[in-house]
Amino acid sequence: MSTSGGHAETWTVGRLLAWTQEFFRQRGLESPRLCAEILLAHVLKTERLRLYTTFDQEPPAEAREAFRELVRRAAGGAPIAYLVGTKEFFSLPFEVGPDVLIPRPETEILVERTITLFKGAADAAPLILDLCTGSGCIAIALARHLPGARILASDISEGAIVIARRNAERHGVSGRIEFRVGDLLDPWRPDAAARGPLDVIVCNPPCVAAGDPAVEPSVRNYEPHLAIYAGADGLDVIRRVLGEAPAWLRSGGHLLMEVGYNQAAAVRRLVSDKLWTGATSYRDGGGHERVLHVRAAPVASQAYVA
Ligand SMILES: C[S@@+](CC[C@H](N)C(=O)[O-])C[C@H]1O[C@@H](n2cnc3c(N)ncnc32)[C@H](O)[C@@H]1O
């Protein structure tokens with residue numbers, strides 16, 4: 001894409017989009033038109049749909065140059081969300097960067113199902129813990145939709161928690177979410193007895209087997225490995241959550257956990273009848289069981305207080 005030239009060669013918004021769409025298509029990017037529009041809207045600091053009201057205008061040279069650089073990086077595999085620093089989740093914009101996983105649409109199922117637990121109970125004030133919070137997208141979407149909820153959110157990555165805190169500020173819920181850094185439930189241990197049992201634990205853990213060749217290069221090369229890989233079979237963190245979480249929940253408290261598209265059967269085999277009851281799962285748009293929902297058995301709950 002040469003961004004200079006005579007009148008016939010004018011790089012209007014429309015022409016930039018058409019050229020880039022075709023370039024991305026040839027490079028095998030998914031949704032090439034959408035990607036081109038997101039990048040151009042970003043450099044022009046405008047809404048994507050507003051591009052269509054300036055279709056025949058030529059953006060300034062610096063903007064065309066910045067766009068060209070982003071197009072080059074996207075064609076090389078860099079995720080669009082990292083290039084523009086934001087990703088929409090549950091109809092809210094979230095800051096993202098190399099320290100956090102880019103929120104995925106499948107994860108919205110987990111949020112929807114958690115909200116459904118309290119639908120119709122206007123005065124519900126559940127205590128919810130989001131384990132492995134990353135960008136904070138789950139905790140923040142829940143805080144926005146469950147105004148009475150008190151939410152705790154943690155992650156082993158300090159960089160992720162910095163971004164999650166900024167996202168909570170941005171969405172006006174920082175006063176209702178407590179963020180901590182640490183390994184799974186560890187950060188919540190010191191004041192567990194004073195806090196009392198949790199009503200819900202939500203979790204989208206890392207769940208890919210180390211070295212799994214099916215992982216897309218754009219994921220493997222750009223997203224944090226801490227957010228993706230979990231041991232030889234991908235179940236290391238899931239196994240720990242299923243073993244440790246019941247002691248933190250009230251009797252009948254809920255665990256809703258996202259699992260890999262092909263992991264549901266293996267995960268169900270890890271669910272102990274002594275610790276959990278009522279295993280259910282929810283499918284994603286592709287028909288894969290995506291979210292496991294189990295409830296803490298009475299005998300297992302509140303053991304942390306001891
Ligand atoms: C799959 S990402 C999910 C991020 C976010 N909740 C989402 O749904 O987009 C998993 C997250 O778990 C965190 N993580 C990995 N191992 C952990 C551990 N042992 N304890 C706490 N967090 C961990 C990673 O840093 C990463 O942010």
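**Packing, pairing and the ligand shell**

Reader: Against which elements do the buried residues of H11 pack?

Author: In this predicted model, the contacts of the buried residues of H11 reach both strands and a helix. The partners are E3, E6, strand E7 (249–258) and helix H12 (264–269).

Reader: Which residues of helix H11 are buried, and what arc do they cover around the axis?

Author: Helix H11 takes in residues 236–244, and Val237, Ile238, Val241 and Leu242 are its buried residues. An α-helix has 3.6 residues a turn, so residues three or four places apart point the same way. The four named residues, Val237, Ile238, Val241 and Leu242, lie on the same side of H11 because the arc they cover is only 135°.

Reader: How many of the residues of strand E3 are buried?

Author: Strand E3 covers residues 127–131 and is mostly covered. Of its five residues, the number buried is four.

Reader: Which elements give two or more residues to the shell around the ligand?

Author: The ligand is surrounded by 22 residues, the closest being Cys132, Gly134, Ile156, Asn204 and Ala227. The elements that give two or more residues to this shell are helix H6 (137–145) and helix H10 (225–228).

Reader: How many residues of the shell around the ligand are charged?

Author: Sorted by class, the shell has 14 nonpolar residues and six polar ones. The number of charged residues there is two.

Reader: Is serine 31 buried, partly exposed or exposed?

Author: Serine 31 sits in the loop between helix H1 (13–26) and helix H2 (32–43). Its phi is positive, about 50°, although it is not a glycine. Because serine 31 has 13 C-beta neighbours inside 10 Å, it counts as partly exposed.

Reader: Is lysine 45 buried or exposed?

Author: Lysine 45 lies in the loop between H2 and helix H3 (61–75). Lysine 45 is not a glycine, yet its phi is positive and near 50°. There are 7 other C-beta atoms within 10 Å of lysine 45, so this residue is exposed.

Reader: What share of the contacts with a separation of 6 or more joins residues 24 or more positions apart?

Author: The protein chain has twelve helices and nine strands. Among its contacts with a separation of 6 or more, residues 24 or more positions apart account for 66%.

Reader: What percentage of the residues of the protein chain counts as buried?

Author: The C-alpha trace of the protein chain spans about 80 × 40 × 35 Å along its principal axes. The chain has 306 residues, and the part that counts as buried is 38%.

Notes
Residues numbered from 1 in each chain as written. Predicted model: local features only at pLDDT ≥ 70, side-chain atom pairs only at ≥ 80, totals over all residues. Buried ≥ 20, exposed ≤ 12 C-beta atoms within 10 Å, placed from the backbone. Near = placed C-beta within 6 Å. Nonpolar A, V, L, I, M, F, W, Y, C, P; charged D, E, K, R; others polar. Contact = placed C-beta atoms within 7 Å. Arc of directions from axis to C-beta.
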